[in-house]
Every structure is written in structure tokens, then in C-alpha cells.
Amino acid sequence: MNSAWKAVLVVVSLSVVHLMSSLVPPNSSEDATSLPSPSLMNGRLSLLTQFNISTDATLHPYDMSVLIISYHKTGHDLQVDLANILNEAFPLTALRLTDQWGLKSRFRRRRHPESLACARLTLQAGKIHVQHAPDLYCSPEILAHMLLDVREGSNDGSVLDRGTKVVHLVRNPYSMAVSNYHYHAQDPTPESWVLEQNPCQVTYQMDGTNSLYADHVLPALSHHNNAHKTQINEPVVTRTEFDRIASDCLSLFKTKDRLMDANFFEHLMNLDAPEGLRLATAEMMIQGDHNGGDILRMANNIVKFKQADMLVQNSIEYREKGKQLQVLTLSMDDFISQPSLNAMRFFDFIYDKYEGKISQEHKEAVALKYEQSFHEKQHGNSNHITKGKASNTEQLKEYLRHNSVFGPPMNKIELLVENALAESRNI
């Protein structure tokens, strides 16, 4: 065991000793029971050491469900790491990964039943759920019902259910777009779908039929009556802005002599950086199918969570049931710049009712260990961390910001993201 691990484990052990009747050494089996092992995705190594707790240690019940949501380039690895940490590093709470699904999203990303207009979410109190890029196009009433009332299995009343905590991992749209371009313009490509994807496809395949992606995302983003919910005094994205991005995409894809038969990846490799960035960003905005459209999907879901949150706060029915919907919006950019600080914000949000049961020292030790592992991963070989081409990052952001097609809608999405993050900093 290296010295960094020893230092962290000493701090952690001291911080939780008063909560445990005894802490059995990892190699001892006497009177010890191990907490459930996490269901790790793709054999991912555990971030943190498992604790062994004596049989008479009290597990404090956790009376809400936890849902962690991310999008393409807003924190795929971060989402997995946060779920793993909750599952492993806080052994005296009964909050655990779902037994059956672990860290794998149960429902397909970027899909929803035609009749519902929202991805099906069945949650469970005391369980950690992860979902990547969910479609949330339904009404605030239906979304609130799915988050607070629809539950996996039955509850005999032995487990208190106070509602749901949503951790919404978002990102500045300019950072998201440039990271996406750099990531997919690597050779060899880290994801094979760029060999087949049509970045300019605006139809959305669902249940064997095609619909327009704009018809799903624009109702929440283009209506003036959502202004008071987003603190933006104009539509976030209009149909005209959407159509201009689609037209710009078509002007770049398969229009040059040498690229008439080229795929998406070959365009990213052969177009100059500004044109390649525009093509990749168009795919992230107007191409809602398969792996596309996440910049607008993220913006739509920010609005939808805000609408559902306001509905629940003003609902007499949910107040009488004692149900709450709590949404914490966190930024991938903030985690990159200050990993341990934002890990602490995450822990404080999840365990806000556990003051005196989980010590501040324990949370700080886990946050510092997370920061160490984050820096190690930055220099490692994670498939989901963008590497290379970083020298022109700021120039490409400024290029998009001042581009007449992408700048206007992305500036408003940036403000939408900043407002959501500012509200969460006040939680």
C-alpha cells in the first residue's frame, strides 16, 4: 500500500471510529460482514477501499432515491466515479447501487416511448441510479410523477420514501463542443459510431418511425412562456436557429470533391479545425439520434427539471405526502478545476440529513482521495477523457462564440447552464 493510501485511510478511520462499534481489519473474518460489493461497469477498478463493518454496526437508512445524469462530454467517467464513491466510501448509510443494474443504465439513452415523451425512470428509495442522456420531453406533471411516485418493486412501509435527489452533470456548451471535437478527431477514433453517423440527420428514430428532433426539444427551449423558469428573457433556441445549424451542417458534409464519399470521422480528420468543429457541433445539437443532440438535450432537461421542481414546491399533494424533488446541477468544468471542492458539494447534497452521522473529516478524506484519482486518470488511459489538440481549445471556443450560426443559440444555452449552476451553489 502506498503512502497516499495510508494517509487517507488513517484519516478516514479516525473520522468514523465513533460511529462504529468496531472496525475489523480487512483480513479478519471474526464477527465481520462485508457490505455488498458494487456492481462495477466493464470491470472498472474500485476507486476506494471497501470497509468491513462488524455485525452490530448500525446502518443508517437512506430515505430518498438518488439519480445521477450525464451527457456526452459532461462527465461519463465522473458519473460512474460518483456512484462508486457513494456505494463504497460511506459504509454506515444504507444508500447502495441498485442490485440488478449496478452502474449500467437500465433504459436506453436518447430514447423514450412515443406515448410518454419521457424516458421511463423507475427509482427506489435508498438506491443509486445512473442514467446517461435521458429524453425528458414530457410535461412537468408526468416528470414529477416518474421521479417521485413511480417506484421499482413494492414498499411495505418499512422504508421511508421522501422523494428523489437528482444530480445533473452539465457543462458549458462551448467547452462541451470543443471537447467533443477533439475527442472524436483522434486517430484511431475512440468510438466506432463516428464511422457511420450522419451528423446532419435531423430525424429521430423511435419505435420504427421517424420524427423531427426539433419537435422534441424546441417546445421547452423556444417558448417565451418558459422565460421565468430559465431567467432568460427570450427563447433559448428558435426553430430558425435550429434550421440554420442544419443548413450549415449540410454545407460541410460530403460537399468537397475529396470528401464526397467520406464518412463523419474522415471529415473530422480532413477538414480544417473551424469547419471540423462546426460539423461536430452541429451533430451535438441537431442530430438527436443515436449519439447526437446532447447540447440541446442537456438544455431541454435543465428546463424540464426546473419546471418539475417548481411544480413540486407548489404542490399541496406532494407536501402532504412529504415528497421532495431536489436537483443539484454540477459542472464538469468545475470538477476539472477543483475536484475535491466539488466532490464535497456533492457529498453535502447527498448526505445533508446525516449531520453527526457522517463526519466532515470523513467526507474531506474521501474528497481528497477522489482528487488524487482524478489527476491520475488525467494522465492515464481512460477512454472517455479527451487528449491531444488542446493547444487550440480557447481559440476554437472563441471561434464558435463569434460564429453567426452557432454563437446566438450557444450564448443562450451558456446562460441557461450558468443560471442553473448559480442556483445550485445556493443550495
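How are glutamate 394 and lysine 397 separated in helix H15 (residues 393-401)? They lie 3 residues apart in that helix, which means a separation of about one helical turn.

This is a predicted model, in which local features need pLDDT of at least 70 and side-chain atom pairs count only at pLDDT 80 or more, while totals for chains, interfaces and linings use all residues. Residues are numbered from 1 along each chain as its sequence is written, and side-chain values use heavy atoms, with hydrogens and water left out.

There are 19 salt bridges, each a side-chain nitrogen of Lys or Arg within 4 Å of a carboxyl oxygen of Asp or Glu.

| Salt bridge | N to O distance |
|---|---|
| Glutamate 241 – lysine 412 | 3.0 Å |
| Lysine 306 – glutamate 423 | 3.1 Å |
| Glutamate 394 – lysine 397 | 3.5 Å |

Glutamate 241 sits in helix H7 (residues 239-252) and lysine 412 in helix H16 (residues 407-425), 171 residues apart. Helices are DSSP runs (H or I, at least four residues), numbered from the N terminus. Both glutamate 241 and lysine 412 are buried, that is, under 20% relative accessible area, with exposed over 50% and partly exposed in between (1.4 Å probe, protein chains only). Lysine 306, at 21% relative accessibility, counts as partly exposed.

The largest nonpolar core has 77 residues; such a core is a set of buried Ala, Val, Leu, Ile, Met, Phe, Trp, Tyr and Cys residues joined through side-chain atoms within 4.5 Å. Helix H10 (residues 294-313) gives the most to this core, with 9 residues. A second, separate core of 34 residues includes Leu82 and Met332.

Conventions: Helix = DSSP H or I, 4+ residues; strand = E, 2+ residues; numbered from the N terminus.
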